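Visitor: Please take one part of this model and go through it closely, with the cut-offs behind each term.

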Amino acid sequence: MIHQHSRIAHVAASIAATLALAFSATACSTDSSEGTQLIRLGLAPDEDAAAVLKKFDPFVHYLEEKTGYEVEPYVGADYTAVIEAMKSGNLEVAWFGPSEYVLATEEVQDGVEAFASAQQEAGTPEYRANFITRSDSPVNGPEDFAGHSIAFTDPASTSGHIFARYALEQRGLNKPDLFSTEIYSGSHDAALMSVTQNQTDIAVVSSRKLPGMYESGIAKPEDIKTVWESEEIPADPISYSNNLPDDVKQALRDAFLSDDPELKKALKETGFEGFASVNDSDYDIVRKAYETAGLKPEA
């Protein structure tokens, strides 16, 4: 419920801050012991951390080959943990979701700069917040939401929360007593499982995550139905710290914005096929979503 959001977000932020401090104590310096530039890359925990690291491993190796730097991936314990790690100087680059990027522009004192946006593979679903239920549920659309329980993913998740709230607000449904219960599951797969395991009636997940979750066996397509979705969401921004030297920034831009066929191969398991140039203003719609939904960007 609305009055619970600030408390939940505060708890998430406190946990993230603690984890970030622990990370700070063990993080490598910008230069590795061999004298090679070290780039620490933050990745959002949109599913199990081990799964994220596995699917991005070829891309990490691509970046190392292309830049000549050592690249160390880091998966946050939650969405705000990556922001906290960059805020405390323990990350040079982050693959943010759109709402996490907006949060980072507010929270990181020395600033972050979006320099590339992740482009989905051709033929994959548009990036939206999907409201899903069980196939046998009496819920068939937003007009049926009242009195039912719902799982969002994370307070800072773009498709798992922010754009869902935005869609509800646009429909005049973003009310504190709309749902009987609201929870934050922590990830898209956990939100989906909250529905399949009868823990909640409705869940909000990323449209582009659903096919992969079906393939992995988390749920069967015939057991789930999408009953509503948000408008399309801007692509994920890749951002680096403003403190990075210009030559390092250039090397990263060259690697991400390359037309090298090896890049597409390295991204094969991620659902993306390359990157495009991006500007901060491309994420003004996300700022509008926060404002319209009555939420304040905060980590």
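Guide: V278 has a relative accessible area of 11%, so it is buried; buried means under 20%, exposed over 50% and partly exposed in between, with a 1.4 Å probe and protein chains only. This is a predicted model, in which local features need pLDDT of at least 70 and side-chain atom pairs count only at pLDDT 80 or more, while totals for chains, interfaces and linings use all residues. Residues are numbered from 1 along each chain as its sequence is written, and side-chain values use heavy atoms, with hydrogens and water left out.

V278 sits in the loop that joins β11 (272-276) to α10 (284-292). Helices (H or I, at least four residues) and strands (E, at least two) are DSSP runs, numbered from the N terminus. Apart from neighbours within four places in sequence, V278 is in contact with A114, F115, A116, S117 and Y283, contact being heavy atoms within 4.5 Å. The C-alpha atom of V278 is 9.8 Å from that of D236, 42 residues away along the chain.

Strand β4 (residues 112-120) pairs with β10 (residues 237-241) in the antiparallel sense, over five bridges; two strands pair if DSSP finds at least two bridges between them. Both belong to an open, mixed sheet of six strands, in the order β2-β1-β3-β10-β4-β11. β2 (70-75) and β11 each have a single partner strand, so one side of each has no neighbour in the sheet. On average, neighbouring strands here are turned by 25 degrees against each other, direction ignored.

Helix α4 (residues 98-107) lies across β4 and β10, at about 175 degrees to β4. Axes are lines fitted to C-alpha atoms, for helices over the stretch in contact, and angles run from 0 to 180 degrees between N-to-C directions.

β11 is also among the elements against which the buried residues of helix α2 pack, along with β1 (38-43), β2, β3 (93-95), α8 (246-256) and α9 (261-266). The buried residues of α2 include V52, F56, F59 and L63. α2 bends by about 45 degrees at F56, with a proline, P58, following within four residues; the bend is the angle between axes fitted to the seven residues ending there and the seven starting there. Just after α2, G68 has a positive phi of about 80 degrees.
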